[in-house]
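Visitor: Could you take me through this model, please?
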Amino acid sequence: MSTQSRLGRRLIQLYTGLALYGASSALLVEAGLGLEPWNVLHQGLAELTGLTIGVVSIIVGSAVLLLWIPLRQRPGLGTVSNVFVVGLAMDGTLALVPNVHSLAVRIPLLVAGILLNGVATGLYISARFGPGPRDGLMTGLHRHTGRSIRLMRTAIEVAVVATGFALGGTVGIGTVLYAVSIGPLAQFFLRMFDVPPASDSSTVVAEGQPQDAILRP
């Protein structure tokens with residue numbers, strides 16, 4: 001595969017993955033059975049401020065990205081794109097998908113959202129354009145404190161879920177199902193969509209081994 005075609009494939013994977021991630025998060029919102037950790041916080045803040053959950057996601061992502069400065073983390077194209085594309089895709093999908101009330105519809109919507117999130121995570125991370133702002137915070141804290149990534153991730157996500165729940169975010173069976181299934185799903189799709197690294201480097205590329213950790217936008 002030529003360098004140009006490889007870069008084109010990676011860009012398509014990046015933006016397709018980010019858009020699908022936003023869409024999958026919107027499906028979880030519509031299902032109303034529990035959100036992934038950061039969106040519990042986003043939903044709680046949306047309830048508090050009256051902003052849409054997508055706009056809140058963009059604001060929170062931008063704020064988290066500012067925390068990269070003291071942690072000396074380097075953002076990639078995917079990092080900056082993540083802040084905006086996911087939130088816009090989430091609001092766009094919520095505007096298109098009708099409200100559902102029947103449990104017979106909400107359960108399949110939950111399952112579809114989690115599966116699509118796994119696909120999106122595999123596409124986005126395997127494009128190798130840098131981690132999302134929230135995952136960069138996790139890895140930065142790991143590097144500066146010497147604590148394990150698992151501990152940093154758990155501490156951050158427990159904090160955002162607790163805060164989001166206190167503000168009115170939705171925590172439920174979907175939150176638990178997401179937590180136990182997203183790792184295996186993302187790992188499977190990472191292997192499916194992985195683009196082998198090139199021998200050269202690019203200024204917009206943040207290369208790495210996506211199999212080393214399951215990161216989420």
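Visitor: What is the mean pLDDT of the chain?
Guide: This is a predicted model, in which local features need pLDDT of at least 70, side-chain atom pairs count only at pLDDT 80 or more, and totals for chains, interfaces and linings use all residues. Residues are numbered from 1 along each chain as its sequence is written, and side-chain values use heavy atoms, with hydrogens and water left out. The mean pLDDT (the predictor's confidence in each residue, from 0 to 100) is 89, and 90% of the residues reach 70 or more.

Visitor: Where is the pLDDT below 50?
Guide: Over residues 201-213; beyond near neighbours in sequence, this stretch has 24 contacts (heavy atoms within 4.5 Å) in the model. Where pLDDT is low, the predicted coordinates should not be read in detail.

Visitor: Now the helices: how do H3 and H5 pack?
Guide: H3 (residues 53-66) and H5 (residues 77-96) pack at about 170°, with axes 7 Å apart. They are therefore roughly antiparallel (angles over 145 degrees). Helices here are DSSP runs of H or I, at least four residues, numbered from the N terminus. Axes are lines fitted to C-alpha atoms over the stretch in contact, and angles run from 0 to 180 degrees between N-to-C directions.

Visitor: Which residues make the contact?
Guide: Among them are Ile58 and Leu65 of H3, and Phe84 and Asp91 of H5.

Visitor: And at what angle do H7 and H8 pack?
Guide: H7 (residues 133-145) and H8 (residues 149-166) pack at about 125°, with axes 9 Å apart. The contact includes Leu137 and His142 of H7, and Met152 and Arg153 of H8.

Methods
Helix = DSSP H or I, 4+ residues; strand = E, 2+ residues; numbered from the N terminus. Parallel < 35°, antiparallel > 145°, perpendicular 65-115°, else oblique.
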